[in-house]
Every structure is written in C-alpha cells, then in structure tokens.
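Here's a friendly walk through one protein model. Take a look at the sequence and the fold, then read on.

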Amino acid sequence: MRKLAAGNWKMNGGRAALDEVAALCAAHPAPECEMLLCPPATLIAQMAWAARGKALKIGGQDCHPAVSGAHTGDISAPMLKDAGAAYVIVGHSERRTDHGETDALVRAKAGAAIAAGLIAIVCIGETEAERDAGATLAVIGAQLDGSLPEGATAATLVLAYEPVWAIGTGRTPTIAEIAEVHGFLRARLTERIGAEAAGVRLLYGGSVKPSNAAEIFAVSDVDGALVGGASLKAVDFGAIVAALAA
Ligand code: PGA
C-alpha cells in the first residue's frame, strides 16, 4: 500500500498560490508516499499543468453524480478527469453541512467518480455532540454503509475519517480514539468488500499539522492524512509528507 498525504485547499487560493505547488514539488521530487493537492476547481487545470512530470497528483473537492447536463454551477467527474485530476473528495463534512449532502448522494458521487476513472476519497466523521453521546462508532459505521459505492476496491476508494469537531479547530482526538475508529473502519470495510479492504487507504483528517503528524501516522490503520489549513503552505504540507514517508 502506498500511503497518501492529501491536501484540501477548500475555498482558498488563486493563481499566485501556484508558487506553493512549485516549491512543494521542488522540495519533494520523489517522496515515499503519494502526494495530492485538491485545489478549488478554478485552479485544477493549471495546477495539473504545473505538476506534470512531478510526484504531485491533483484532485477535485466535489463532483456531481451525473456526467453532464443542466446543473448550473456543478462540475462532473469526467470534467475533473479531463482537467487533469486523478482524485476527488466526496462527502466532506462541509459539503454535508453547507449543502445538505446525504449518504445516498455521497455514494452516487463516489460511484460517478470511480466510473470516470477517478479515485474517490469518501469522508465520514462524527460531530462533537455525537462523540459526547458515545455514538461515534454507530454514526461513522452508518455513514460508511450509506456512502460506500458499489464495487469499490483498494485502487478506487480512499476513506477519510474526519471528526467534524476537529476540522479547523486545532483539536484532535486522542491517539487511542483515532486507533479505535480506524480499527473499526478496517473491520467494517472488510465485512463490506472482503479482502480488498486491507489495501484501502484510511486517512485521518482534522487539524493535522507538522507538529502532530508523526504521532498520528504511527497509529496502526492510519494510512495517511487529509489536511486542510496546513496544506496551503508548501513548507507545512511538505513536513507532513516527510512525516508520512519516514
Ligand atoms: P483542517 O481541515 O486540517 O484545516 O482541520 C481538514 C479537512 O477539512 O479536510
């Protein structure tokens, strides 16, 4: 399994930010893990061009479940592929919250992504109230069951565990809590897709930064990270890549 350091730029960055991409590629020409940035859609084609021949892969942050049609403002998975993307994030908690995305919609998007030849990064995670209520495993188990596309394999699916309360807050679960969830997810995935589950990369996301990356990556069944804020600067994201590759 090739571990994955994935950066999610969210709604940040213009053309000037492409300098960060050049710096990242220069500093990490051949990392011992996969390196991915998911910029806003406006930058995908240019970033893919900047990354040609480099170790960096490019991804989208969302896609529509349909291939084309009358869906103003939306972008389809084949369009992302055409623009140079290799991955797409689906079901990020900000999409689930801001746009009311359900597990069924996330599953349809993931299926569309895989059909288009993209690798789908399916995001799941509990809210703080759900964790306080002791419902974490029930919630993420249900999200996994509901969001998992048909026929997913280790080559087409990445699963990202992102506790909603850890995103952008500087707070993270304890190492034991991360280990509990990732072990649970591996087992649940094995029930669903059998032996393929062993090769599916399970990412942790939520306030990953250079200072905590190594500790999180040492947890068994953590196969990389989905990084928001700390992916915007090449020096920070590069340090996380280096921790994963170590
Ligand atoms: P953060 O975001 O690293 O800024 O907490 C993570 C994410 O939303 O993927």
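Predicted model: local features only at pLDDT ≥ 70, side-chain atom pairs only at ≥ 80, totals over all residues.

Let's start with a pair of helices: the axes of helix H5 (residues 103-115) and H7 come within 7 Å of each other, crossing at roughly 45°.

Where they meet, H5 brings Asp 103, Ala 104, Val 106, Arg 107 and Ala 110, while H7 brings Ala 142, Gln 143, Asp 145, Gly 146 and Ser 147.

## The barrel

Now for the strands. Eight of them close into a barrel, in the order S1-S2-S3-S4-S5-S6-S7-S8, and the pairing is parallel. From one strand to the next, the twist averages 25°.

Here are some of the neighbouring pairs, each with one facing couple of residues.

| Strand pair | Bridges | Residues facing each other |
|---|---|---|
| S1 (residues 4-8) and S2 (residues 34-38) | five bridges | Leu 4 and Glu 34 |
| S4 (residues 87-90) and S5 | four bridges | Val 90 and Val 122 |
| S5 and S6 | five bridges | Ile 121 and Val 158 |
| S6 (residues 157-161) and S7 (residues 201-205) | four bridges | Val 158 and Arg 201 |

Which way do side chains point along a strand? In a regular strand they alternate between the two faces of the sheet. You can follow this in S5: Ile 119, Ile 121 and Cys 123 are on one side, with Ala 120, Val 122 and Ile 124 on the other. Both faces of S5 are covered, and six of its six residues are buried.

Helix H8 (residues 175-193) lies across S5, S6 and S7. Relative to S7, H8 runs at about 150°.

The largest nonpolar core holds 63 residues, and the ones that touch the most other members are Leu 56, Leu 185 and Leu 189. Helix H10 (residues 234-245) gives the largest share of this core, five residues. There's another core that lies apart from it, made of 13 residues, among them Leu 4, Cys 38, Ile 119 and Ala 160.

What does Leu 189 touch, leaving aside residues up to four places away in sequence? Its contacts are Leu 144, Leu 148, Leu 157, Leu 159, Gly 194, Ala 197, Val 200 and Leu 202.

First, Arg 186, found in helix H8. Is Arg 186 buried or exposed? The cut-off for buried is under 20% relative accessible area, so at 11% Arg 186 is buried. Beyond residues up to four places away in sequence, Arg 186 touches Met 1, Ala 197, Ala 198, Val 200, Leu 202, Asp 221 and Asp 223.

Next comes Thr 136, in helix H7. With a relative accessible area of 6%, Thr 136 is buried too. Again not counting residues up to four places away, Thr 136 touches Glu 126, Glu 130, Arg 131, Tyr 161 and Val 181.

Finally, there's Gly 69, which sits in the loop between strand S3 (56-60) and helix H3 (77-83). Exposed means over 50%, so Gly 69, at 60% relative accessibility, counts as exposed. Between the C-alpha atoms of Gly 69 and Pro 31 there are 39 Å, and these two residues are 38 residues apart along the chain.

Methods:
Residues numbered from 1 in each chain as written. Heavy atoms only, no water. Pairing = 2+ DSSP bridges. Helix = DSSP H or I, 4+ residues; strand = E, 2+ residues; numbered from the N terminus. Axes fitted to C-alpha atoms, helices over the stretch in contact; angles between N-to-C directions. Contact = heavy atoms within 4.5 Å. Buried < 20%, exposed > 50% of the residue type's maximum accessible area, 1.4 Å probe, protein only. Core = buried A, V, L, I, M, F, W, Y, C linked by side-chain atoms within 4.5 Å.
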